[in-house]
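Please look through the model below before reading on.

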Amino acid sequence: TPGMMGSTASFTTSSLALGDHQITAIYNGDDTYVASTSTPLTQAVQQAVTMTWASSSQNYSAPGQAVTFTAMVSGMMGGAPTGTVSFYDGDVLLGTITLTPGMMGTTASFTTSALASGSHQITAVYSGDDTFLGSTSSPLTQTVGA
């Protein structure tokens, strides 16, 4: 496209794989101008950042009562993360669930009735995939009363 600073051309793609790519522009020349090649431009394609949130079906429960923890994982640049979410009670793994895309976002839910009386710090840890980096939710306090 002709312009004030010379002629330009642009190209848009979303098909570059992860990693660094050396991009060059090659002008083939015409009857007036000779062909030329640009210096390489390094285009880095990295995994996208994610955010993970955890919620409880009820933040106060009785011992032996079923509680469902749900994690929502969101890609900061859009898209639908895939993979798994692991739910932890402190350092103790409660379970690992595969993410499911849905109307309200990409989620995973885990139900347990095995929490003992007391306060529990529940976190959801997204494992990441080929496109998205993993992330961990802020701790969610689950209180189990007597």
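The side chains of S56 and Q142 are joined by a polar contact of 2.7 Å; such a contact is a pair of N or O atoms within 3.5 Å, where within protein one must be able to donate a hydrogen and the other to accept it, and residues adjacent in sequence count only if both atoms are side-chain atoms. The model is predicted, so local features need pLDDT of at least 70 and side-chain atom pairs pLDDT 80 or more, while totals for chains, interfaces and linings use all residues. Residues are numbered from 1 along each chain as its sequence is written, and side-chain values use heavy atoms, without hydrogens and water.

S56 belongs to strand β5, residues 50–56 (strands are DSSP runs of E, at least two residues, numbered from the N terminus). Its side chain also reaches the backbone oxygen of Q58 at 2.8 Å. S56 counts as buried because its relative accessibility is 16%, buried meaning under 20% relative accessible area with a 1.4 Å probe and protein chains only. Beyond neighbours within four places in sequence, S56 is in contact (heavy atoms within 4.5 Å) with V67, T68, F69, L140 and Q142.

F69 leads on to the largest nonpolar core, which has 17 residues; F69, V85, F87, L99 and Y126 touch the most other members. A nonpolar core is a set of buried Ala, Val, Leu, Ile, Met, Phe, Trp, Tyr and Cys residues joined through side-chain atoms within 4.5 Å. Strand β7 (67–75) is among the elements giving two or more residues to this core, and β7 gives the most, with four.

Notes:
Buried < 20%, exposed > 50% of the residue type's maximum accessible area, 1.4 Å probe, protein only.
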